[in-house]
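The paragraphs below walk through a sheet and a set of aromatic contacts. Keep the sequence and the coordinates open while reading.

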Amino acid sequence: MGEFLEVAYIINHAEKELVLPATTLAATCYSNMFQSCRKLTQTPELPAKTLTRYCYNEMFSGCKGLTQAPELPATTLAEACYFRMFKECTGLTQAPKSLPAETLEESCYKEMFSGCTSLTKAPVLSATTLALYCCQQMFENCTSLTHAPELLAMELKIYCYYGMFKGCTSLVKSPALPATTLAEYCYTSMFQGCTSLTQVPENLPATTLAKNCYEYMFKGCTKLTHTPEKLLPATNLKEFCYRYMFQDCTSLVNAPELPATTLAQSCYNSMFQGCTSLTEAPVLSATELVAYCYQEMFSGCTSLTQAPELPATVMKLSCYQGMFSGCTSLTKSPKLTVTGFSTTCYKEMFKGCSALKKVTFLITGTELDVTLPSAVMTDWLSGVAATGTFYKSSNIKTYATGASGIPNGWTVADCTGN
C-alpha cells in the first residue's frame with residue numbers, strides 16, 4: 001500500500017512493461033500505490049475479476065501524466081474498491097470502455113474520475129443494483145466530459161448519484177433517469193454547475209419522493225432554457241425534496257408543472273431562486289401548507305410578471321417568507337386570503353419588488369374587527385413602489401404603516417372584488 005506514493009520521479013521503463021499480474025487481491029493491496037507519481041504515463045493491466053475493500057483506492061490519484069486508464073474487467077466489487085482511483089488525473093483522455101459490474105458496493109465508484117479535466121467520454125455503466133454512495137462525485141469537475149453514461153437502475157440508494165456530474169461544464173445533455181424508487185440525497189447536486197447543459201430528462205417518474213432527493217440537482221445550469229411540463233409528476237413530497245433544484249438557472253424561461261397538493265417542510269424552498277429569465281410561475285394548488293414550504297421559492301426572479309394564486313388560508317412557520325423577494329417585474333400580488341397566521345409567515349414576502357403597486361389581503365372567518373398583524377409581516381413590503389393601492393377586507397380596522405404593514409404613500413381601500 002502506497003509503495004511509490006508521491007515519488008515524483010517514477011517513470012515507465014523504456015522497454016519493460018509495468019506488470020501487476022495478480023488475480024486474487026487482498027484488502028487495500030494497491031491502495032495509493034502510485035498516488036501523485038506525476039511522470040507515470042502508462043498503467044499496468046489489472047486483470048482481477050473479484051475485488052476487495054479499498055484494493056485500488058487512490059491507486060493512480062494525481063498521476064497527471066496518464067492519458068489512458070487500463071480496462072477494469074471486475075464484475076464482483078467491494079467497498080470503496082475504485083475510490084478516487086484516477087482522481088485529479090488531469091491528462092487522462094480515455095477511461096475504460098466499460099465498468100461491467102451489475103451490482104455495486106458502498107462507495108465503489110466514489111470520486112473515481114473526479115477532476116479528470118481532459119476526459120471527454122465516460123465508460124459504459126452496467127449497474128442495475130446500487131449501493132450507498134456508490135457513484136457519488138464519480139465525474140465531478142470533469143470539465144471536458146460531453147456525454148454522460150446511461151444509468152439503468154430503477155431503485156436508488158442514499159447518496160448514490162450525489163454530485164455525480166457536478167461541475168461538468170461541457171456536458172450538454174443529461175441521461176434518462178428511469179428510477180421509480182428514490183432515496184435520501186440520491187440526485188442531490190447531480191448536475192450542479194453544468195453550465196453547458198441544455199437538455200434534462202423528459203420526466204423524473206417517481207411519484208413518491210425522498211428527503212433532499214432533488215436538492216441542488218440543476219443549480220447553476222445557466223444555459224438551460226426549458227424544462228418538460230411533466231418533468232416532476234410526484235404527488236407525495238418529502239422534506240427539502242426540491243430545495244434549490246433550479247437555483248441560478250439564469251436562462252430558464254419556463255417551469256415544470258407542480259401537481260402535488262400535499263407538501264412537506266421546505267419542499268419548494270428556493271427552488272427557482274435567481275432564475276432571472278423566468279416569466280411565469282407554475283400553478284400551486286396546495287391548500288394546506290407546512291413550515292418553510294415556499295420560502296424564497298421565486299426570490300430574485302427578476303422577469304417574473306405574474307405570481308401564482310395561493311389558495312391556502314392557514315399559514316405555517318415561514319411558509320411564504322421571501323417567496324417573491326427581489327422580483328422586480330412583479331406589479332401585483334396574488335389575492336392573499338387568510339384565516340390563521342403563524343410566525344414569520346409573510347416575512348419579506350415581497351421585499352425588493354420595486355414595481356409592486358397592488359396588494360390584496362383578506363382576513364376571513366370572522367366578522368369581528370381585526371388588526372393587520374405586522375409581527376408576522378416583517379419587511380414584507382420593503383422596497384416596493386412608492387405609490388400603490390392596498391386592498392383589504394373591510395374587517396381590518398387597524399394596521400401598521402411602513403414596510404411591515406401597509407407602505408407609506410399607498411392608498412388603502414376595502415376590497416370589492418379586486
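**A parallel sheet and its aromatic contacts**

In this predicted model, four strands make up an open sheet with parallel pairing, ordered E3-E4-E6-E8. Strand E3 (332–338) and strand E8 (411–414) are the edge strands, and each of them pairs on one side only. From one strand to the next, the twist averages 15 degrees. Strands of a sheet pair through backbone hydrogen bonds, either parallel or antiparallel. E3 and strand E4 (residues 358–363) run parallel and are joined by five bridges. Across from Leu336 stands Phe361 in E4.

Searching the whole structure gives 33 aromatic pairs. One of them is the stacked pair of Phe246 and Phe272, with 5.6 Å centre to centre and 0 degrees between the planes. Phe246 and Phe272 both lie in the loop between strand E2 (124–125) and E3, so their pair ties together parts that are 26 residues apart in sequence. Both Phe246 and Phe272 are buried.

The aromatic pair of Phe361 and Trp380 is edge-to-face, at 5.6 Å centre to centre and 75 degrees between the planes. Phe361 belongs to strand E4, while Trp380 lies in the loop between strand E5 (370–371) and strand E6 (389–392), so this pair ties together parts that are 19 residues apart in sequence. Are these two residues buried or exposed? Phe361 counts as buried because its relative accessibility is 0%. Trp380 counts as buried because its relative accessibility is 0%.

A further contact involves a charged side chain: Lys110 lies over the face of Tyr133, 5.2 Å from the ring centre.

How values were computed: Residues are numbered from 1 along each chain as its sequence is written. This is a predicted model: local features need pLDDT of at least 70, side-chain atom pairs count only at pLDDT 80 or more; totals for chains, interfaces and linings use all residues. Side-chain values use heavy atoms; hydrogens and water are left out. Two strands pair if DSSP finds at least two bridges between them. Helices (H or I, at least four residues) and strands (E, at least two) are DSSP runs, numbered from the N terminus. Axes are lines fitted to C-alpha atoms, for helices over the stretch in contact, and angles run from 0 to 180 degrees between N-to-C directions. Rings of Phe, Tyr and Trp (its six-membered ring) pair if their centres lie within 6.5 Å; planes under 30 degrees apart count as stacked, over 60 as edge-to-face and the rest as tilted. Buried means under 20% relative accessible area, exposed over 50%, partly exposed in between (1.4 Å probe, protein chains only). A charge sits over a ring if NZ of Lys or CZ of Arg is within 6 Å of the ring centre and within 35 degrees of the ring normal.
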